[in-house]
Amino acid sequence: MTIQNQPPARELASPLNRGAAIVLAFAAFAVNAAEVAGVKLDDKTQVQSKELVLNGAGLRKRVVFNVYVIGLYLPEKKSDPAAVLELAGPKRAAIHMLRDVSADTFTEALIEGLRENHIEADYKAFEPRVKELAGILAEIKEAKKGMAITLDWTGSATQLTANGKPAGKPIAGEDFYRALLRIWLGDKPVQNDLKRALLGA
């Protein structure tokens with residue numbers, strides 16, 4: 001009886017199997033990385049030692065200009081805007097500037113988004129804290145191209161950072177942070193496709 005030599009293990013792996021392995025490896029990498037308009041976003045971050053995951057990211061455009069890339073980080077992924085707003089724990093809106101924007105223009109855009117998504121009485125209740133935020137942005141003077149700005153809910157206050165450094169004092173009230181998120185996730189978001197992108201669509 002003749003025993004045939006077995007082919008080496010590498011020869012048993014067909015080109016199809018090797019191709020499938022490569023595709024799966026690439027897919028795993030894609031799940032853990034996001035890139036929008038040339039900006040790479042981490043798949044995870046931390047706020048107050050709480051690990052957050054990237055829920056979605058998208059590009060904010062104004063007319064023909066790319067203004068910024070924004071990523072939304074949450075304790076767990078959510079695809080419903082109401083669920084995002086009610087989700088407990090720290091959150092982060094990470095903004096990566098793609099062009100220079102003055103503090104006044106940035107503030108005006110935030111105010112416009114807040115007014116669009118709240119009745120006048122509710123906006124009036126937020127107005128003192130809107131002025132606090134406007135004051136912080138005025139100290140920054142200009143959101144320059146390449147600057148990284150975050151709006152964090154720490155679990156107790158809204159904290160703005162510029163290039164990783166806290167800017168201004170924390171602003172009290174989770175209702176105010178929810179109001180800010182409605183700029184992008186409300187019934188009248190600044191950009192519909194951006195809302196879908198932040199919700200992971």
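Strands and helices are taken here as DSSP runs numbered from the N terminus (E, at least two residues, for strands; H or I, at least four, for helices), and two strands pair if DSSP finds at least two bridges between them. The model is predicted, and local features need pLDDT of at least 70, side-chain atom pairs count only at pLDDT 80 or more, and totals for chains, interfaces and linings use all residues. Residues are numbered from 1 along each chain as its sequence is written, and side-chain values use heavy atoms, with hydrogens and water left out.

Seven strands build an open, antiparallel sheet in the order 3-4-5-6-9-10-11. Its edges are strand 3 (44-47) and strand 11 (165-172), each of which pairs on one side only. Neighbouring strands are turned by 25° against each other on average, direction ignored (axes are lines fitted to C-alpha atoms, for helices over the stretch in contact, with angles from 0 to 180 degrees between N-to-C directions). Strand 9 (148-153) joins strand 10 (157-162) through five antiparallel bridges, and Thr150 has Thr161 as its bridge partner in strand 10.

Helix 5 (120-140) lies across strands 9, 10 and 11, at about 170° to strand 11, where contact means heavy atoms within 4.5 Å. Helix 6 (174-185) lies across strands 5, 6, 9, 10 and 11, at about 50° to strand 6.

Turning to the pocket lining, helix 4 (103-116) is among the contributing elements and supplies the largest share, eight residues. Strand 4 (50-62), strand 5, strand 6 and helix 6 each provide at least two residues of the lining of the largest pocket as well.
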